[in-house]
Amino acid sequence: MRVERFVTGIISTNCYLVINEETKQTVIIDPAACPKKILGFIEEEGLKIEAILLTHGHFDHIMGIDAFLEHFDVPVYVHEEDERVMNDPALNQSSTYTSGYTFSGAQYLRDKQTLELAGYVFEVIHTPGHTWGGCCYYVASENVLFSGDTLFQESVGRTDFETSSMSDLMYSVREKLFKLPDETHVYPGHMGETLIGHEKTHNPYV
């Protein structure tokens, strides 16, 4: 697995391309925007986009969806508990920072559901706390976790939104993410990469 990170959008969101180097099959995670840089990279590398995965429904993780779908006819996935967030500009914060954005065409996921994409198995881990339907995607075969805004490098996601709960977030991190192997490589929604083992020892919030 090859993971390429692009920092996009007005709040510097990490958009990831998860690439199977043998087949060029690729998954997009959290498209905050659809800049020419990413489209050019996809074209130059000959990548075959299979799906868009969303870790949650906040605007800074979803506003590039429509632009990507103009180029790639692929499904968009998000946890079912964030359906309201995806469809409400106030809940997804887009009306606060922009003129508003919603997306109603997603397919909805459940906790522990698996998706076979690009030759890998992505397990959905429901991690409410930042939003009702916040989730992470775990690829056990690669020791990789895409944590969205649940877990950051020595930090965690905000819990001051209507959709948030600090107690839920702490439970999600401690009882779900910290049960993963220490060597699990974490790709968060913002800031740099980390390891589960490092966060268990050094994350001051948990």
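Student: How many salt bridges does a search of the whole structure find?

Tutor: In this predicted model, the search of the whole structure finds 6 salt bridges.

Student: What makes the contact between Glu4 and Arg2 a salt bridge?

Tutor: The term asks for a side-chain nitrogen of Lys or Arg within 4 Å of a carboxyl oxygen of Asp or Glu. For Glu4 and Arg2 the N to O distance is 2.8 Å, and because the cut-off is 4 Å, this pair qualifies.

Student: Why is Glu4 called partly exposed?

Tutor: Buried is kept for residues under 20% relative accessible area and exposed for those over 50%, with partly exposed in between. Glu4 has a relative accessibility of 22%, so it counts as partly exposed.

Student: Which parts does the pair of Glu45 and Arg2 tie together?

Tutor: The side chains of Glu45 and Arg2 also meet in a salt bridge, at 3.3 Å from N to O. Glu45 lies in helix H1 and Arg2 in strand S1, so this pair ties together parts that are 43 residues apart in sequence. Glu45 itself is partly exposed, with a relative accessible area of 26%.

Student: How do you know that Asp160 is exposed, while Arg158 is partly exposed?

Tutor: The relative accessible area of Asp160 is 52%, and because exposed means over 50%, Asp160 is given that word. Arg158 has a relative accessible area of 43%, which lies between 20% and 50%, and therefore Arg158 is partly exposed. These two residues form a salt bridge with each other, their closest N and O atoms being 2.9 Å apart.

Student: Why do strands S4 and S5 count as a pair?

Tutor: Two strands pair if at least two bridges are found between them. Strand S4 (residues 48–53) and strand S5 (residues 76–79) have 2 bridges, in the parallel sense, so they meet that requirement. As for a bridge partner, Leu53 has Tyr77 in S5.

Technical notes
Residues numbered from 1 in each chain as written. Predicted model: local features only at pLDDT ≥ 70, side-chain atom pairs only at ≥ 80, totals over all residues. Heavy atoms only, no water. Helix = DSSP H or I, 4+ residues; strand = E, 2+ residues; numbered from the N terminus. Buried < 20%, exposed > 50% of the residue type's maximum accessible area, 1.4 Å probe, protein only.
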